[in-house]
Structures are given as C-alpha cells and as structure tokens.
There are 4 protein chains.
Amino acid sequence: MAKKPLNIGMIGYGFMGKAHTNAWTTANRFFELEHQPVLKAICARNADAAQTFADNWGYESVETDWKALVARDDIDAVDVCVPNNLHKDIAIACAEAGKMVLCEKPLAINAQDGEVMCQAIEKAGVPNMVWYNYRRIPAVTFAKHIIDTGDLGKVFHYRANFLQDWTISSDLPQGGAALWRLDAKAAGSGVTGDLLAHCIDTAIWLNGSISNVSAMTETFVKERMHNETGKVEPVGIDDACAFLCRFDNGSLGVFESTRYARGHKALYTFEINCEHGSLRWDLHDLNRLEYFSHRDEGTVRGWRSIHVSDGDHPYLGNWWVPGLCLGYEHSFVHQVADFLKSLETGEPAGPTFRDALETQKVCDAVLASGKSGSWTNV
Amino acid sequence: MAKKPLNIGMIGYGFMGKAHTNAWTTANRFFELEHQPVLKAICARNADAAQTFADNWGYESVETDWKALVARDDIDAVDVCVPNNLHKDIAIACAEAGKMVLCEKPLAINAQDGEVMCQAIEKAGVPNMVWYNYRRIPAVTFAKHIIDTGDLGKVFHYRANFLQDWTISSDLPQGGAALWRLDAKAAGSGVTGDLLAHCIDTAIWLNGSISNVSAMTETFVKERMHNETGKVEPVGIDDACAFLCRFDNGSLGVFESTRYARGHKALYTFEINCEHGSLRWDLHDLNRLEYFSHRDEGTVRGWRSIHVSDGDHPYLGNWWVPGLCLGYEHSFVHQVADFLKSLETGEPAGPTFRDALETQKVCDAVLASGKSGSWTNV
Amino acid sequence: MAKKPLNIGMIGYGFMGKAHTNAWTTANRFFELEHQPVLKAICARNADAAQTFADNWGYESVETDWKALVARDDIDAVDVCVPNNLHKDIAIACAEAGKMVLCEKPLAINAQDGEVMCQAIEKAGVPNMVWYNYRRIPAVTFAKHIIDTGDLGKVFHYRANFLQDWTISSDLPQGGAALWRLDAKAAGSGVTGDLLAHCIDTAIWLNGSISNVSAMTETFVKERMHNETGKVEPVGIDDACAFLCRFDNGSLGVFESTRYARGHKALYTFEINCEHGSLRWDLHDLNRLEYFSHRDEGTVRGWRSIHVSDGDHPYLGNWWVPGLCLGYEHSFVHQVADFLKSLETGEPAGPTFRDALETQKVCDAVLASGKSGSWTNV
Amino acid sequence: MAKKPLNIGMIGYGFMGKAHTNAWTTANRFFELEHQPVLKAICARNADAAQTFADNWGYESVETDWKALVARDDIDAVDVCVPNNLHKDIAIACAEAGKMVLCEKPLAINAQDGEVMCQAIEKAGVPNMVWYNYRRIPAVTFAKHIIDTGDLGKVFHYRANFLQDWTISSDLPQGGAALWRLDAKAAGSGVTGDLLAHCIDTAIWLNGSISNVSAMTETFVKERMHNETGKVEPVGIDDACAFLCRFDNGSLGVFESTRYARGHKALYTFEINCEHGSLRWDLHDLNRLEYFSHRDEGTVRGWRSIHVSDGDHPYLGNWWVPGLCLGYEHSFVHQVADFLKSLETGEPAGPTFRDALETQKVCDAVLASGKSGSWTNV
C-alpha cells in the first residue's frame with residue numbers, strides 16, 4: 001500500500017533543525033504509519049549553509065526567505081526551528097497559508113504573543129504541535145501511564161530541576177547564531193523559557209494545571225560581549241530561576257533551573273509524591289524510571305529501578321530488545337510518529353499550541369513574580 | 001592520668017535521650033579526652049520509666065522534677081531532651097544555676113524565646129551547645145573542610161531537602177509522649193522546626209547567613225485525634241514547607257521538607273554548586289560525599305563518589321578501617337567528643353545557643369512568609 | 001564534492017539486519033565521510049518478507065539466494081546477518097568474489113572454521129570487519145583511550161559479566177528464525193558465543209591476549225520443544241558459562257555470562273583494576289564511565305561518574321550537546337563510520353576477521369575447559 | 001529483675017579486640033537480655049598496652065599469659081582475637097577448661113586444625129561461636145529471611161566479591177602486630193582466609209553447601225620486608241584469589257577477592273539469582289538490600305532498593321527510627337545479642353565452630369585447587 005507523502009518545509013538548521021530532521025527521516029523506519037514525510041525544502045538566510053544541510057539530509061530544495069517557503073504550494077507542514085522571537089510571525093503566516101505547523105518550544109516570547117498564535121492556528125484549523133520532546137522519552141511516557149491509572153492516589157508533591165553549568169565563564173559572549181539563548185531579545189528569557197519550560201510542560205501533563213507561583217530569578221553575570229554588536233552589553237536573561245507553586249489539585253510544586261550548577265550538563269529530573277506511590281526520573285540516565293509503591297508488602301518496599309526497555313513499555317516494541325538503551329533523539333522520532341498517527345486518527349498529538357500556551361502563561365507568571373517578589377496567579 | 005569527671009544530668013528519655021546517652025557513654029571509648037562523662041541522673045515525670053532507663057544505661061539516680069535536677073550540686077551539665085516548648089524554662093534555670101547546657105534542637109519555640117535563652121546563657125557564661133548532630137556526620141564535616149579551603153570559589157546555589165512519609169495516614173493521632181511532634185503547642189511548628197531546622201543549620205554552617213526567604217507551607221491533614229484530649233482537634237503544624245532564599249554571599253537557596261513524600265524515610269540531602277566545584281550528600285547513604293571538581297581535566301571530569309571512611313577523614317581515625325561504615329548515632333558521639341574537647345581548649349563547640357538562634361530566626365521568617373505570602377527578611 | 005557510492009548487499013533482516021541497516025542509512029548524516037552507502041539489495045529466503053523490509057528501509061532490490069547476491073557485480077560490500085553456522089560459506093564466497101565482508105559476531109561456529117575464513121579473506125585482500133559493536137559505545141571507546149595513555153599503570157584484574165534472564169521458562173522452545181540462538185546446530189554455543197564473545201572481544205581490545213582459561217558451563221533446562229521438528233529435543237547450548245583466566249600481561253580475569261540471572265535484561269559490565277586507577281562500565285547506563293584515579297589527592301579520591309556526552313568525548317562531537325544520551329544503535333552507526341573511514345585511510349577498522357578469530361579461540365578454549373574441567377590454553 | 005553476669009575474658013586488643021569489646025559493652029543497652037557481660041579481663045603480652053586498653057574500656061584486670069586467663073575461675077567466656085595461627089591452642093585449652101569460646105574468623109589455619117578444635121569444643125559441650133559478623137548486618141540477615149520463605153524458587157547463580165586495594169604498594173612490609181595478615185605463618189593464607197572466608201560463610205548460610213571448586217590464586221608482590229626479621233622475605237600469602245564452584249543445590253558460584261582492586265576499600269558484595277527473584281548487597285552502602293521480584297507486574301518490575309532501617313527489619317526495632325543508618329560495628333553488637341540470647345534458649349547462635357569448619361574446608365579446597373589447577377571437592 002502506497003504511503004501518503006507529507007511534504008515538510010523546515011525553517012532553521014541549527015541543533016533543533018538537525019534533531020527534527022533526523023526524526024522526520026527515521027520515524028517511518030521504525031513505526032508503521034500511513035504518511036511518509038518528504039524533506040521538501042530547508043530554509044535559512046545563509047544559502048550555502050542551507051545547501052550543505054540539504055545535501056547532507058536529502059532536502060530537495062533550499063529557500064532563503066521563510067515567506068517564500070510558506071508560500072509554496074508543495075509544502076504541507078512547516079517545522080519552525082528558529083529563535084523564539086521569530087516563532088510568532090512564521091506560525092501565523094503558516095496558519096494563514098493553511099499549513100500544518102510544528103513549532104520548537106517555547107511557543108513564543110510571551111503568553112500574549114502565544115495567544116495570538118493560538119487564535120490564528122485555531123482559526124485556520126490546521127494540525128499543530130510544539131516540540132516539548134521530553135514527554136516522549138519512554139520512561140516519561142510510562143510515568144504518565146502509571147499516573148493515569150489513578151493507582152498512586154492523591155498527589156502531595158511535585159518537584160523538578162533542570163541544572164546545567166555551561167555559562168559560568170564570564171568570557172562567554174551572548175547573541176548570534178550560536179548563543180542567541182543568552183540574548184534576551186532573541187530568547188525572551190533565559191533558563192525560564194529554555195529549561196523550566198520543559199519542566200513545566202511535563203508537570204502540567206503529569207499533574208495538571210498550576211494555579212500560582214512565587215519565583216526568584218538571578219543573573220549572575222551582568223554583562224557579556226555581544227556577538228552582533230561587538231560590544232559589552234548588559235545581560236537581559238535570567239541565569240537561574242526557582243519557584244514555588246500550587247497546582248490546582250492541591251499539591252505543592254518546587255522548580256529550579258540554572259546554568260550555574262557546576263557538574264551538571266543537562267540534569268533534568270522530576271519527582272512526584274502521591275498517597276500510594278512516587279515516581280522520579282533523570283535525563284542523564286533516561287531509560288530508567290524509579291517507582292516506589294506503598295502497596296508493596298512493608299518490609300520489602302523500596303524504590304524500583306525500572307529499566308524502561310521492554311517490548312511492552314511505551315514505544316519500545318518498535319526498537320530493539322529488552323535492556324538496550326534509547327537516547328535523546330528518540331524522543332523526537334516518537335513525536336513525529338505520534339504526529340503522523342494523529343493525521344490518521346484526527347486526534348491531536350499534544351502538546352498543541354493551546355497546550356503550550358498554558359506553559360507559556362506559567363513562564364510569564366514566574367518571570368513576573370521574580371520581578372515583583374509576590375505570589376502571582378497564572 | 002586520671003580523667004576529670006563531668007557529671008551529666010539528663011532530662012527526658014525518649015528517642016533523643018537514648019541517642020544522647022549512648023553518646024555520653026561511648027565518646028571516651030573512641031576519643032582521647034580529658035573529661036569523663038558520668039551519668040549522674042536521669043529526670044522524667046514517670047519515675048518507673050525513668051528508673052528502667054537508668055538501670056539500662058547506668059544512671060546513678062533518678063529525678064522526677066527537672067527543677068530538682070537543676071538544683072543538684074553534683075550535676076555539671078544538663079542535657080535537655082524534652083519537647084521544644086519546655087526548652088526555654090529549663091535552659092534558663094540551668095544557666096542561672098551555673099550549669100553547662102546541651103539543648104536538643106530546635107533551640108526554642110521561636111526566636112524571641114531563643115533570644116532570652118541566649119542572654120541567660122551568655123550572662124552565666126556557661127558552655128552550651130545545641131544538638132544539630134548532622135554537622136558531625138563525617139561526610140558533612142568533610143564537606144565543610146573542602147568548602148573552607150576556598151577551592152570551590154564563588155557559590156551560586158545551595159539546595160536541601162528533608163523528605164519523610166510517616167504522617168500520611170489521617171488515622172495517626174497527634175500529641176502525647178510519642179507524637180508531640182504533631183502537636184503545635186509542644187513542637188511550635190511541624191517540619192520547619194523538626195526537619196528544615198537541620199537543613200538550615202547545615203546551610204548556614206557551610207554557606208553563611210540567609211538574608212531573606214519566600215515560603216509556602218501546607219497542612220494536608222487538617223484534623224487529627226489528640227492523644228491527650230481524646231478529641232479530634234485541628235492540626236496546627238505545617239506538614240510540608242518549602243522556601244526560596246538568598247544567602248548573604250549572593251547565592252540562591254531552595255529548601256523543601258515534608259512528611260508526605262511517599263518512599264522517603266528520612267532523606268536529608270543537600271547540594272552546593274560553586275564556581276570550581278560542587279558537593280552533595282544524602283543521609284540514607286551517609287558515609288558518602290559526592291564531589292565534582294571542575295579543576296579535573298575536561299574529559300575525565302565526573303562526580304566523585306567519596307566513601308568518607310579513611311583514617312584521614314574527619315573523626316574516622318578513631319573508628320575502624322577504610323571502607324567500613326559509620327551510622328546515625330556516631331554523629332552524637334562526635335558531638336560529645338567535640339564538646340568535651342571544647343572544655344579542654346576553651347574554644348566553644350558549635351552550634352552554640354547563639355548559633356542555633358540564627359537558625360531559629362530563619363525558621364521564624366519561613367513560617368511568617370508562609371503565612372503572609374511575602375518575602376521576609378531574617 | 002560528490003561522494004563515492006558503496007553498494008551494500010545485506011543478507012538477513014532480523015534484529016541485526018535492522019540494526020545494521022539503520023547504521024548504513026544514518027552514518028553519513030552525522031559523520032563526514034567520502035563514501036556513501038547505497039542499499040543495493042537485501043537477501044532472504046522469504047521473498048515477501050524481504051520485500052517488506054526493502055520497502056521500509058529503501059533497499060533497491062531483493063534476492064532470495066545469497067549466492068545470487070554475492071555474484072552480483074553491483075555489490076561492493078556484503079553484510080552478513082544470518083545465524084552463526086552460515087557465516088563461513090558466505091564469507092568465503094564473498095572473499096572469492098572480491099567483496100568486502102562485514103560479518104555479524106561471533107565470527108564462526110568455532111575457531112577452525114574461523115581460521116579458514118580468515119585465510120580466504122586475507123588471500124582476497126578485501127576489507128573486512130566483525131560486528132563487535134560494543135567497542136564503539138563512546139564510554140567504552142573512551143575507556144580504551146584512557147588505558148592507551150598508560151596512565152593507569154600495571155593491570156591486576158579484569159572482570160566482566162553479561163547477565164540476562166530471558167530463557168528461564170522451560171516453556172520457551174528452541175530453534176527457528178526467532179530462537180536459533182537456543183539451537184546448538186545454528187548457534188554453535190549458547191551464552192559463550194552470544195554474550196561472552198562480546199566480553200572477550202572488549203577484554204582483548206582493552207587488556208590484551210588471554211593465555212589460558214578454566215571454565216564451568218551449565219545447561220539448566222535440558223530439553224525444549226524444537227520449533228523446526230515440533231518435538232521435545234535435548235538442549236545443546238550452554239545456558240550459563242563462567243571462566244577464570246590469565247592474560248598475557250599477568251593480570252587475572254573473571255568472566256561470567258548467563259540467561260538465568262533474574263532481573264537483568266542485558267547487563268554487560270566490565271571493570272579493570274590497575275596500579276594507578278580503575279575503570280568500570282555498564283550497558284544499562286551506557287553513557288557513563290566510572291573512573292577511579294589514585295593520583296587524585298587522598299581524601300578526595302572517589303569513583304568518578306563520567307557522563308561521556310561532551311563534544312570532546314569519542315564520537316560525541318558529531319551528535320548533540322553535553323548531557324544528552326546516546327543509545328544502543330549508535331554503536332553500529334559508529335562502526336559504519338569507522339569502516340567507511342578505513343576505506344579512506346587504508347587503515348583497517350577493528351575488529352577484523354583476524355581479530356575476531358582470537359576471540360573465537362578463547363571461546364573454544366572456554367567450551368573445551370567447561371567440558372574437560374581442566375585449565376586450557378588458548 | 002537482676003541480670004545474670006557473664007564474665008568475659010578477652011585475648012587480643014587489636015582491631016577486632018576493640019570491635020568485640022564495643023559489642024560486649026553495647027548489646028545490653030539496646031537489647032533486652034538475661035545476661036549482662038562483665039569485662040573481667042583483657043589478655044595481651046604487652047602489659048602496658050593491655051592496661052591502657054583495660055582502662056579505656058573498663059576491663060577489671062589484665063593478664064599477659066593467655067593460659068593464666070583461661071585458668072581463671074572467674075571467667076565464663078573467652079573471646080579469641082589473636083592471629084589465626086594461635087586460635088587452635090587457645091580454643092582447645094578453653095574447651096578443656098569448660099569455658100565458652102568465641103573465636104575470631106577464620107576458625108583456624110586449616111581444616112585439619114579446625115576439626116581438632118571442633119572435637120574439643122563438642123566434647124566439652126561449651127557454647128561457641130565464630131565471629132563471621134557480616135551475617136548480622138541487618139540487610140544480610142533480611143536477605144536470609146527472604147530466601148528462607150522459599151519465595152525466590154530454584155537458585156541458579158550466586159556471586160560474591162570482596163575487593164580491597166591496600167597492599168598494592170611494594171613498600172608495605174609484612175608481619176608484626178600491624179601486618180600479620182600479610183605473613184603466611186601467622187595468617188595461614190591471604191585473601192582466602194581473610195576475605196573470601198567471609199564470602200563463603202555468607203554463601204553457605206544463604207545458599208547451602210559448596211560441592212567443588214576451581215580456583216586461581218596470585219601473589220603480585222613476591223617479596224616484602226618482614227617486620228620481625230628486618231629482612232626482605234618471600235611473600236607466602238595469596239594477594240588475590242578467584243574461584244568457580246558448584247553448590248549442592250545445583251547453582252553455580254563465582255567468587256573473587258583481592259587486595260589489588262584500586263578504588264575499593266572493603267567492597268564486599270554478593271548477589272543471588274533465583275527463579276522468581278534476585279537479591280544483592282554491598283558493604284559500602286550496608287543498610288540497603290536490592291531485591292528484584294519477578295512476581296511484580298511486568299511493566300513495573302525493577303530492582304527495589306530497600307533501605308533496611310524500619311522497625312520490622314531484623315534488629316532495627318532496637319535502634320533508631322526509619323531511614324537512619326547503622327554501621328559496621330552494629331554487626332558485632334547483634335552477634336553478642338544473639339549469643340546471649342542463645343544462652344537463654346539453648347539454641348546455638350551460628351556460626352558455631354562446626355559451621356565455621358565448613359567454610360574452612362572450602363578455603364582449603366580453594367587453596368589446593370589454586371595450586372593444583374584442578375577442580376577440587378570440598
């Protein structure tokens with residue numbers, strides 16, 4: 001049976017452009033799907049670099065103006081992998097052109113922009129998704145399955161950290177293609193939009209909405225050379241951010257993120273404590289889910305280290321055999337597989353723009369609370 | 001050379017009375033000290049129970065009124081192991097009687113009481129100490145040594161958790177000898193004074209003073225049967241408490257404590273992230289200190305799991321051989337050894353009452369912030 | 001610059017056919033190489049199944065007779081992914097036809113066959129490789145780099161385990177496409193050729209040749225239904241095998257493998273203890289290398305948990321960013337990349353057939369010693 | 001109710017003398033027992049050192065000749081803490097004098113001596129015990145409880161390691177009070193009697209008798225200065241020893257011990273793999289038992305990390321509260337408590353001399369096999 005082609009237009013070829021492209025080329029090898037992604041065009045301002053990327057990955061053509069890409073009739077879906085401040089205009093244009101949109105996270109610079117994007121997308125009625133990829137690490141997906149059974153009972157606590165250490169040196173510049181994440185104009189915020197946004201997306205998915213927050217932010221290095229201006233300029237992003245929160249279900253949350261935690265490269269961890277059990281997970285050992293069940297007999301209770309690599313674990317039946325690890329990029333492959341499946345079923349694959357807007361609102365509340373020093377409603 | 005006897009009067013024979021008594025009887029076996037504690041008297045309202053305890057541990061006599069104990073000429077030092085609300089009167093009476101005082105933590109019900117106690121103690125000029133025993137787990141003491149070298153550089157982050165799960169059942173009553181920790185009148189507060197106080201004491205010791213805090217507290221079970229009245233009564237303590245803070249040195253702190261974290265029995269952990277390295281520790285595996293040094297060569301950097309059990313690690317030269325674990329009660333033995341040593345040198349063994357008052361002030365600020373929802377100065 | 005096509009003919013489409021094919025299609029996406037593999041043909045006796053596989057992965061054609069495949073002029077390299085007892089004839093035919101050969105491990109049913117294969121390959125002078133993929137897990141490769149510096153000094157001990165638990169049920173049949181690994185005629189041996197062969201390959205690579213062995217083998221389930229005959233037949237393989245050995249460098253080895261270690265899915269671990277340091281690794285958490293350096297200052301010595309995911313770690317510069325995990329299949333991608341690179345440099349990519357023969361000889365000695373109960377020279 | 005005094009005569013005041021004495025003084029503080037040990041006499045050739053030890057620990061008197069100690073009417077039980085080559089004569093003399101005997105492990109220099117000792121002890125009918133203390137680490141005792149339920153089913157594998165690194169330097173001398181463990185005349189053997197003996201005792205206790213063994217031994221440093229002769233002399237002990245074995249129940253065993261495993265101080269680990277579950281334990285984190293139950297539901301199976309510190313875990317009800325760690329010396333306290341309890345019940349506390357003789361026989365077989373290179377029956 002012939003597959004239905006799905007023509008992909010990719011905007012951006014950085015770290016995320018590479019991760020997404022790999023996912024588009026890999027998903028159909030391992031998952032049985034009706035649609036077959038076709039790498040139709042890659043778009044970037046630098047034509048040579050774009051061509052090199054196209055050659056390497058098999059994109060059929062190159063564009064240097066995203067508006068031209070969006071205008072093309074042979075593009076079904078646009079994958080937006082550019083700095084955060086460019087998401088809004090592109091996404092809206094795509095919606096207006098009737099394209100499906102897959103937008104890198106965070107959805108927008110702020111919730112106000114995000115709301116406008118959601119309205120455009122929903123008006124157009126196009127399939128849409130935001131790349132909060134960690135939901136689809138099998139161990140994280142499996143945590144969701146366990147929580148959804150209801151077996152864990154009432155939730156008391158949720159805590160998440162995302163700890164890195166790569167910006168400690170004050171010699172590191174800000175801005176430009178490589179370091180736009182340090183430039184407030186391009187990124188909107190620092191760790192809040194970059195790292196906490198992941199933690200918040202997972203938290204809402206696993207534990208429901210967040211009601212209000214009290215946050216603390218800090219910029220440890222106040223000035224950095226700017227790659228675009230060549231001058232030392234004030235740093236506008238948050239280097240670190242922690243917040244307390246209450247979830248709608250009555251549980252308490254504690255979140256922390258930083259790029260100044262020496263020794264941690266990308267240590268995203270979360271833990272949820274419930275009446276009858278608890279779960280925790282760690283990105284550095286991502287195939288494992290730790291699970292404590294209070295329903296076990298008393299003397300033999302202990303945190304179970306579940307190697308989530310069996311055929312009946314989420315997504316695993318499509319890969320190797322028990323005990324063999326998956327890695328980071330598999331989360332993107334699973335997201336593509338689920339997106340393609342959603343085209344078959346009509347059931348949206350989360351997080352949609354609307355879902356991601358909720359995360360954006362929490363981020364906004366966190367940043368506002370960090371400034372005001374007050375508890376802030378989401 | 002004959003040792004100088006130090007006559008101990010113990011008030012209280014509960015969990016802490018047992019831990020302290022064990023320390024008084026053990027310290028001189030393993031540490032060379034000029035003073036020899038003598039278990040002169042145990043004091044408790046229940047004469048029979050006190051006598052049984054005295055027989056088991058070798059106390060020479062029993063008192064049923066703490067005032068009688070304090071009045072005895074043959075008592076040099078009083079060890080106060082009673083519920084928190086009784087610390088103040090006893091400590092002041094001891095000071096006025098010229099006795100050394102060793103008070104179980106937290107120092108007092110609140111900082112106001114603690115201040116009065118400090119003034120009395122300092123006016124009397126008697127040796128004094130508060131039993132924040134975790135400072136003397138060798139791995140924790142060793143963390144202090146590493147930090148004190150200055151090798152770790154500027155501090156960015158400090159985080160600590162103390163997670164338990166023993167009060168989740170709403171059938172658990174409050175109050176009485178066994179459960180006074182759940183009774184606000186006896187304990188003053190819940191996890192803040194019981195668990196966070198430990199975290200704060202260690203934090204101040206390792207990382208200096210805390211400037212201000214923003215806290216969130218929760219009482220999950222709102223009513224419990226009271227063991228003394230036999231009636232269901234409102235629960236006045238905090239079941240869970242988390243707070244953000246800033247230290248005077250500019251670093252950020254995140255603290256969390258609860259008795260509702262299913263799967264954790266007494267999981268006290270802390271981590272400190274600095275410019276050139278990081279440290280972390282875990283009470284459930286207390287002989288280990290994890291240490292990351294950014295000064296190691298790049299490709300072979302990693303968190304070092306140091307089994308703090310060598311002869312040149314703190315206190316370890318007095319125990320066994322490398323690789324053999326110490327346990328919980330050794331921290332009290334070390335505290336006694338250090339206290340006795342302080343009598344030789346005249347150099348106080350921390351935390352003194354004055355040191356513990358600083359922790360108390362943080363606890364008060366945390367509880368106040370939990371109520372007001374505002375950042376609160378310590 | 002146009003790439004040189006390298007036309008691949010794959011024989012077999014099972015678990016390994018899938019892992020290898022994925023590697024052939026992925027390597028050039030992440031590594032800059034002169035050659036571009038082209039999936040020319042897949043060969044399997046079942047034409048329909050082969051066609052489905054071809055469609056999924058993009059093979060241009062299908063063959064049902066391996067001799068036809070080997071005879072084709074448009075095939076440059078043959079990848080042999082069939083049961084062990086078929087390796088010999090295919091490899092020799094390939095060599096005689098002047099094809100490059102990449103053979104799944106173990107090289108052969110026994111060393112006698114392996115020797116014949118090596119002679120054929122070497123006579124033909126064709127590039128060749130055996131798929132001992134674990135050498136190219138970055139943490140394992142990094143272990144090799146550390147050992148090769150000589151910093152660890154004299155080696156005292158090497159130990160390796162490969163523990164699984166999937167054949168405990170006596171209801172599991174033997175033989176057929178899915179379970180040929182339990183059929184002695186197809187597999188040659190049980191855990192020795194399947195699992196210990198991996199451990200031995202790594203060991204020889206890291207620690208040099210093995211001189212002699214003393215082994216113990218066991219078949220726990222003596223009879224199993226045979227999928228091909230439909231009858232209960234004796235089980236001819238070893239379910240478990242452990243051996244002691246001496247390496248040529250004077251160090252002692254202990255190896256153990258089983259499919260009866262309840263709780264372990266594919267727990268391949270090794271450890272090497274040397275004068276100045278030690279290393280250990282674990283397939284279930286494959287991105288990590290543990291490293292103990294005795295050259296660290298005494299009190300802060302500890303096993304370092306190195307997350308081998310930085311850009312300057314082996315192969316990692318071609319993937320993502322620090323802290324993000326790779327998985328099982330990356331080892332095959334790296335092997336393809338190294339093989340393609342070897343075609344550029346003329347420097348063979350190990351393990352060659354000749355290298356793999358040495359592992360085969362150890363396996364033979366182990367099986368012989370298991371039977372005789374005597375120490376056996378390799 | 002008055003306790004029955006049990007008068008203890010201790011021979012030796014080294015590391016073990018200290019550990020045992022601590023146990024004799026502590027057991028009654030934490031366990032309710034009919035007998036109260038009385039530290040009647042300490043015996044050592046150096047009168048001054050013995051007196052210092054007596055003063056520190058409260059021994060009432062000092063002897064310098066063990067025969068004098070054994071002859072004293074006021075001694076009920078003799079605790080033998082001297083080098084292995086002295087066990088035999090003392091134990092036999094004690095038995096003949098009708099004293100209870102508690103002998104440090106290993107029982108004897110060899111099984112022949114051990115048999116004579118057993119006969120003497122059994123002829124005298126005196127209570128007796130050998131200090132294989134690791135049986136009474138609560139997590140190890142709890143492993144025994146789990147195994148004894150039969151829930152784990154048929155046993156397939158047992159493996160144990162005892163790894164140290166303290167004798168790697170060739171500058172370390174042999175012999176004398178501090179280093180008699182390196183002197184074959186005093187110790188009988190090296191790691192076999194010192195470390196493997198512990199592993200074997202636990203293994204037999206948990207998994208039954210060992211039938212036969214195939215061993216490999218090595219002496220890495222062939223000559224060391226001797227502390228007694230002042231000359232460089234050949235080293236007679238085994239620095240490392242590994243062996244394969246079969247248990248009477250059909251399971252396979254792999255054991256390894258060394259003092260040349262850089263990075264390991266005293267890493268005693270064991271693991272048992274059975275049909276329905278597995279257990280493993282590690283002396284460096286001794287409060288934890290890892291337990292895998294195949295009876296758990298498939299997707300949530302995982303190794304449980306049980307912190308053996310609850311009131312209903314073995315021995316724990318007598319100590320602190322859940323989550324608080326015990327240490328090394330508690331194993332001796334438990335052994336004393338069980339020995340004293342055995343005097344109440346008449347039920348011997350294992351391991352008796354006869355039990356320890358079985359371990360001795362395995363050690364002898366291991367050493368013989370290491371020499372002969374052949375499988376050797378126990």
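In chain D, helix α6 (residues 138–148) and helix α9 (residues 191–207) have axes that come within 9 Å and cross at roughly 25°. Helices are DSSP runs of H or I of at least four residues, strands are E runs of at least two, and both are numbered from the N terminus. Axes are lines fitted to C-alpha atoms, for helices over the stretch in contact, and angles run from 0 to 180 degrees between N-to-C directions. The crossing makes α6(D) roughly parallel to α9(D); angles under 35 degrees count as roughly parallel, over 145 as roughly antiparallel, 65 to 115 as roughly perpendicular and the rest as oblique.

The model is predicted: local features need pLDDT of at least 70 and side-chain atom pairs pLDDT 80 or more, while totals for chains, interfaces and linings use all residues. Residues are numbered from 1 along each chain as its sequence is written, with chains lettered from A and ligands numbered from 1 in the order written.

V140(D), A143(D), K144(D) and I147(D) of α6(D) meet T202(D), W205(D) and L206(D) of α9(D). Contact here means C-beta atoms, placed from the backbone, within 7 Å. Five of these residues are nonpolar, one is polar and one is charged. Ala, Val, Leu, Ile, Met, Phe, Trp, Tyr, Cys and Pro count as nonpolar, Asp, Glu, Lys and Arg as charged, and the others, Gly among them, as polar.

Helix α4 (residues 87–96) and helix α5 (residues 111–124) of chain C pack at about 15°, with axes 8 Å apart. α4(C) is therefore roughly parallel to α5(C). From α4(C) come K88(C), A91(C), I92(C), A95(C) and E96(C); from α5(C) come D113(C), V116(C), M117(C), A120(C), I121(C) and A124(C). The contact has eight nonpolar and three charged residues, and no polar ones.

Chain C also touches chain A, with 23 residues from each chain. On the chain C side, α1 (15–30) and α2 (47–57) each supply at least two residues. The largest share, three residues, is from α1(C). That side holds twelve nonpolar, eight polar and three charged residues.

Chain A divides into domain 1 (4–132) and domain 2 (134–377), with bounds from an automatic or database domain assignment. Their C-alpha centres lie 23 Å apart. Contact between them involves 35 residues of domain 1 and 39 residues of domain 2. On the domain 1 side, α1 (15–30), α5 (111–124) and β6 (128–130) of chain A give two or more residues. α1(A) provides the largest share, eight residues. This side comprises 22 nonpolar, ten polar and three charged residues.

Key
Two residues are in contact if their C-beta atoms, placed from the backbone, lie within 7 Å.
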